[in-house]
Amino acid sequence: MITNDVVYVGVDDKDIDLFEGQFSVPDGIAYNSYVILDDKIAVMDTVDRRKKDAYMENLEKALAGKSPDYLIVSHVEPDHASSVKTFLEKYPSARLVGNTKTFQMLSLYFDLDFSTALTVKDGDTLSLGKHELSFVMAPMVHWPEVMLTYDSFDKILFSADAFGKFGALDAKDNWDDEARRYYFNIVGKFGMPVQTILKKAATLDIQVICPLHGPVLKENLGYYLDKYNIWSSYAPEKEGVFIAYASLHGNTAEAAKKLAQILKDKGCPEVAILDLARDDMAKALENAFCYGKIVLAASSYNGGLMPYMEFFLHYLKGKNYQKRQAALIENGSWAPSAKKVMTDMLSQMNAVEILEPSLTIRGAVKEETVKELEALADELLKA
């Protein structure tokens, strides 16, 4: 139970290996759905069809023989809406509630009769009895049809994918880590629309946030709202340095690790380091946005750049990476080329300052290389 009238009917998926076919979720994922019990009964979203049988069991138990009057579709992405048809086959009298784009997009997945559907606009309300629902359009957070629903009676914001996180509900992880990784990889490109929604949310008396992934948030909501404000404004969250490296024969990796140790020895507040070829790329993206300074260390390759680093930079650009300082380390025994490619790619991003001196290694890390790493560490700490 979320409140006396609002019941959780979602399910955990611990069988999934990659969320959206690309993001590692070792602790699974929660598909959340809620039922509001009143004179009229509303169900808030469905779940991924992977778990539709467990979901329908949870729903039937919560309804206790009653039939829902409404199915409110906040988000048409299949991890939330691919059980809509199953729901309607079980409860054919329920009216779909969504906006114009909701039904346009649902028709891409299902052949449904929308003649009885209720189309709502920003600010429209729906009374269930004592629960008065109002709808807040949230386009591009992170699909064009997304809308949030506010229940003024229990002061609940049903927030769609906003404030969600990776991990099943019983995961023991820190909310910040998996919510941050989720945000920047799923929603992160759309900072401006998120800022718009935060302004709208500031006008509401919110006591509970019910997202479509992750735990229901009931306490210290200002903390979560502040995190979203930082993330969506692209401000650095932590003071420190993130080192991302892509090494061909291990020498670039050695330089990156040596720089990390030098930074720690010199008192850098936090140093994170990841191997782009072996570590989670989604974690690398999270770290890139978390810290204000990034070091990109890469081998030259075929007259260009080590492919893992090239992919990472494309990924950063696609997620609207900006407002950061970057330092570059390249390695090339006979024709160093990595720095030029990295510089060109970073120049396409907004307000990314490249720090000097950059460092060129020709082969192995030697004594003079360590001295250059010391100078680079000093510049990073001073910048």
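In strand 12, which residue is the bridge partner of Ser127?

Author: The bridge partner of Ser127 in strand 12 is Glu132. Before going further, please keep in mind that this is a predicted model, in which local features need pLDDT of at least 70 and side-chain atom pairs count only at pLDDT 80 or more, while totals for chains, interfaces and linings use all residues. Residues are numbered from 1 along each chain as its sequence is written, and side-chain values use heavy atoms, with hydrogens and water left out.

Strands here are DSSP runs of E with at least two residues, and helices are runs of H or I with at least four, both numbered from the N terminus. Two strands are said to pair if DSSP finds at least two bridges between them. Strand 11 and strand 12, the latter covering residues 132-137, meet this with 3 bridges in the antiparallel sense. They belong to an open sheet of 5 strands with mixed pairing, whose order is 11-12-13-14-15. Strand 11 (125-127) and strand 15 (208-210) stand at the edges with a single partner strand each, and therefore one side of each has no neighbour in the sheet. On average, neighbouring strands of this sheet are turned by 20° against each other, direction ignored; for such angles, axes are lines fitted to C-alpha atoms (for helices over the stretch in contact), and angles run from 0 to 180 degrees between N-to-C directions.

Another open sheet holds 6 strands in the order 1-6-7-8-9-10, again with mixed pairing. Its edge strands are strand 1 (6-8) and strand 10, each of which pairs on one side only. Within this sheet, strand 7 (residues 42-44) runs parallel to strand 8 and is joined to it by 3 bridges, with Met44 standing opposite Ile72 of strand 8. Strand 8 (residues 70-72) is in turn joined by 3 bridges to strand 9 (residues 95-98), also in parallel, and here Leu71 stands opposite Leu96. Strand 9, helix 4 (residues 100-106) and strand 10 make a right-handed β-α-β unit, where right-handed means that, with the strands pointing away from the viewer, the path from the first strand over the helix to the second runs clockwise.

Strand 16 (residues 238-246) has 7 of its 9 residues buried, where buried means under 20% relative accessible area, exposed over 50%, and partly exposed in between, using a 1.4 Å probe and protein chains only. Strand 16 pairs in the parallel sense with strand 18 (residues 291-301) over 7 bridges, and with strand 17 (residues 271-275) over 5 bridges. Phe242 takes part in both pairings, for its bridge partner in strand 18 is Ile294, and in strand 17 it stands opposite Ala272.

On a 1 Å grid over the protein atoms alone, a cavity is a set of points where a 1.4 Å probe fits but cannot get out, and a pocket is an open set with protein on both sides within 12 Å along at least five of seven lines, while lining residues have an atom within 4 Å of a point. The grid points are joined across faces, edges and corners, and a volume is the space filled by probe spheres set on the points. The largest pocket has a volume of about 270 Å³, and among the 16 residues lining this pocket, Leu248, Ser300, Asn331, Gly332 and Ser333 are the closest to its centre. Strand 18 gives the largest share of that lining, 3 residues. The lining divides into 4 nonpolar, 12 polar and no charged residues, where Ala, Val, Leu, Ile, Met, Phe, Trp, Tyr, Cys and Pro count as nonpolar, Asp, Glu, Lys and Arg as charged, and the others, Gly among them, as polar.

There are also 3 cavities of 30 Å³ or more. The largest cavity holds about 70 Å³ of space, and its lining has 10 nonpolar residues, with no polar and no charged ones. Helix 6 (residues 191-201) gives the most to that lining, with 4 residues. The second largest cavity, of about 40 Å³, is lined by residues including Met44 and Cys210.
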